[in-house]
Structure formats: structure tokens, C-alpha cells
Number of protein chains: 2
Amino acid sequence: MARDLRMSRMLHVLIHMDRHVGRATSEQIAQMISTNAVVVRRMMAGLRERGIVTSEKGHGGGWQLACPLARISLRDVYEAVGHPPLFNIGPQADHSSCLVEQAVDARLDATLSEAEARLLAQFSAITVEEVAQDFERRFAESGHSVPFQWHGSTAQ
Amino acid sequence: MARDLRMSRMLHVLIHMDRHVGRATSEQIAQMISTNAVVVRRMMAGLRERGIVTSEKGHGGGWQLACPLARISLRDVYEAVGHPPLFNIGPQADHSSCLVEQAVDARLDATLSEAEARLLAQFSAITVEEVAQDFERRFAESGHSVPFQWHGSTAQ
DNA sequence: TCATATGTATCATTAAGAGTTACGTGATTC
DNA sequence: GAATCACGTAACTCTTAATGATACATATGA
């Protein structure tokens, strides 16, 4: 597919959850981001392992934030969804016996690694709360009457 | 597929071509990078348009460097192979009416755009000649008797 | 005129994310 | 304790983009 959407989608979900009363089911979350409940559980599993969200089974179950958005960085979310490869370009994974190819791969790897480190540092410096505030500004400018646009069915 | 290999492969090819006497056919180049001659022509077309290489048809034809490696930056090569998307992560391409999603996408796009600009600046600052010198160092340390490891059949 | 090599359209293959179905397990409600 | 709800997860299919392969046209040189 085009590219990995998990980080973007999880940020979207986390901010909605922060404004969501009580628990949200996988089905409700799936409707927020226009996808399937199984896809949601797959993504959320990584966040649960890191203590960002909790899940409960059975009646009244679902997902809930386990910490304030101010304590979650974009880096945390990136790692939680499985730290997918950042770049779409780069050398082949396997090693060649050709010294030219080795030199090219090494130089490209080094350049990309440096860029990756810088980008991850940026992610570390941005909290989900900051992004939520971006949304608040947009909302204030829009003049809507609800704190966010709720796509799915009403909360439990 | 895993990721876009064109930039890496083209760098590999350009350095080989710089050490190659006369013209190299698509078939010979394809063997250098273990692929198909048509794939090579597809990649090289972009380089020809930018004046990096020239091509000749018929007997004795093939590809030839049109300028010294010192005049070609990694950025030039990146653009020549069609500037493929740099990142494997990011928001969905289409726009949503959800203000939360808009805020997330905008913040992510901004962060990635900044990272992209920095990486492209890095690419602009590195010439293919520098990478060729990386190879020369590796070669000197390896103690081989030929200036590079030629994978294909002997040159014309 | 024939062999050679590029130019290109068209289709097949491949890899990874995303989507879907099916079924198991635990928790709540009745 | 039976039914229902919701997560947990395995095992598929679908989609997309890069890559690989085939076929054929065109141009060039021997």
C-alpha cells in the first residue's frame, strides 16, 4: 500500500479518546478512522504493552487512556505501533561482495541513519497534547458547537 | 515491495561507469546490479534527460557518463530517478473533514517536510565523486588487484 | 540487409500494509 | 449458568507500488 498509516491513525485516536467519556470499543474507534475493529485491536495492542492505554473485555469493556496526553510523545506512539521503517528509499537489505555497492550502501545508510535520528528526536520533543492543542485552535476558529467531530455512533 | 532501490542502484552504476572504458550496454549494467536491462533503461532515461548520461543506439552503442562524478550530487541522482517518496510513514493522502485528523495530519506533514528538506540538503552536499572515494579507500584496504569488482561480462 | 542496442508499452511478480473472516477467551448481565 | 458483549489472534484476501519479464518498434553500424 501507499504508506504506513498507523502512527497518524493512532494520534488521531488518542486525541479522540482523551475527549471520550469512559471506554471506547474497537468498533467505535474503527469508525473514527474508517477502518476495521481488528485493525484497531492490532494497533492498540502495542500501546497497551507500553502502558499508554488499557483494555477491558466483556460488557462495558473497551479501551481507555492510561495516562495524560502530555506524557505521550510522538516517539512513544511511533514505537508503540511497531516502529515501522521510516524511509521508502535506501539500499538493498542484503550485503553484496561488490566494494562499490558496499561503499554506496554505507554512505546512504549513514546519511539516512542521521536523518532518522534527527526525525526521532523531533518526535520525542512533541507531545500528543501539543497536537491536541493544534486541534483546539482549529476548533476555536471553526465556530462549531461540539468539542470535536464525532464520526461514529454515540459513546456508550 | 520493500523499498525503492533506484537511487542506491544508480549511484552504484554511475561509479562503475566512471571506471568503465567506453560505453556500457543496458545488459552489462543490468548484470552489475543484478536486474533486467529494461529496468536499467527505465532508470537511465531520467539521467539522460538531466544530461548526466548519454545513450547511443546500434552497434557499439550503450550508455556513457556525460559529466564528471564531482558535478553530480546525490540530490541530482534522487531527482533523476523520479524523486520517489522519501518516507514510508505519514498521514493519508486525502483530506478529512475531521478537525482532529486535520490537526494530526498538519503536524505530521510539517515535521516530515522539515525532515525531508534537511535530508535533501544533505543529498545536495554529497557528490557521487565522494562516494567513489569511499570506494577507493575500501579498495585500498582490501588489497585487490583490480580497480573494482566487475560482475558482468567483460566490457565491449 | 542483418545484427545490435535503445525506447516503450504491456503484463507478471513480489512485498508489505491494510482489510476481512472466523473462532477462542474472559467479563458482565440476566 | 446461559446469553451477550468485547477483546485476542490466527489465517486468510485485497490493494498498491516497485520490480521483473516479454514483445515489438526504431535507429545505427558493419
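Let's say a residue is near a molecule or strand if its C-beta atom, placed from the backbone, lies within 6 Å of it. Keep in mind that this is a predicted model, where local features need pLDDT of at least 70, side-chain atom pairs count only at pLDDT 80 or more, and totals for chains, interfaces and linings use all residues. Residues are numbered from 1 along each chain as its sequence is written, while chains are lettered from A and ligands numbered from 1 in the order in which they are written.

Start with DNA strand D. There are 29 residues around it, and A:Ser26, B:Leu5, B:Thr35, B:Gly58 and B:His59 come nearest. Helices H2 (26-32) and H3 (37-49) and strand S2 (62-65) of chain A, plus helix H3 (37-49) of chain B, each give two or more residues to this surface. (Helices here are DSSP runs of H or I with at least four residues, strands are runs of E with at least two, and both are numbered from the N terminus.) H3(A) supplies the largest share, four residues.

Now for chain A itself. It has six helices and two strands, running α-α-α-β-β-α-α-α from the N terminus. Its radius of gyration (taken over C-alpha atoms) is 19 Å, well over the 15 Å that the globule rule (2.2 Å times the number of residues to the power 0.38) gives for 156 residues, so chain A is more spread out than a compact globule. The C-alpha trace of chain A spans about 60 × 40 × 25 Å along its principal axes.
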